[in-house]
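Biologist: Could you take me through this model, one topic at a time?

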Amino acid sequence: QVQPVESGGGLVQAGGSLRLSCAASGRTFSTYAMGWFRQPPGKEREFVAAITSSGGGTRYADSVKGRFTISRDNAKNTVFLQMNNLKPEDTAVYYCKRVLLTTPVVDFGSWGQGTQVTVSS
């Protein structure tokens, strides 16, 4: 079972950057695809990005393509989300989770506490 713990959020001005980390426990981390999701205030949770178990394949929501990059370090059981050129509409609580890279992406397990990202204009 993969238990993720998200970190790296904060307050940043529009145009700035943040790097989120997701540390996951479990010996089988390297065998799972992982994804990032976010929940803006007052809205439903939405898919942001996903990466295959090996890291060789990625998928992004249209709203973040070209600005966000997902990566992983299987030796450290960690997934990252590099967020550049942040916009106020990126403000949300960000979560990571094990996923299945189907269309749409399917997530597994329970949600963690997430990490808050706030982008000021």
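**Salt bridges and a sheet**

Modeller: Asp107 and Lys97 join their side chains in a salt bridge, at 2.6 Å from N to O. A salt bridge here is a side-chain nitrogen of Lys or Arg within 4 Å of a carboxyl oxygen of Asp or Glu. This is a predicted model, in which local features need pLDDT of at least 70 and side-chain atom pairs count only at pLDDT 80 or more, while totals for chains, interfaces and linings use all residues. Residues are numbered from 1 along each chain as its sequence is written, and side-chain values use heavy atoms, with hydrogens and water left out.

Biologist: Is Lys97 buried or exposed?
Modeller: Lys97 counts as buried, at 2% relative accessibility. Buried means under 20% relative accessible area, exposed over 50%, and partly exposed in between (1.4 Å probe, protein chains only). Asp107 is partly exposed, at 30%.

Biologist: How many salt bridges are there in the whole structure?
Modeller: The search finds five. In one of them, Asp90 meets Arg38 at 2.9 Å, N to O. Asp90 lies in the loop between S8 and strand S9 (92-100) and Arg38 in strand S4 (residues 33-39), so this pair ties together parts 52 residues apart in sequence. Strands (E, at least two residues) are DSSP runs, numbered from the N terminus.

Biologist: What about the sheet: what is its strand order?
Modeller: The order is S1-S3-S8-S7 in an open sheet of four strands, with antiparallel pairing. Two strands pair if DSSP finds at least two bridges between them.

Biologist: How many bridges join S3 to S8?
Modeller: Six bridges join them, and Ala23 has Thr78 in S8 as its bridge partner.
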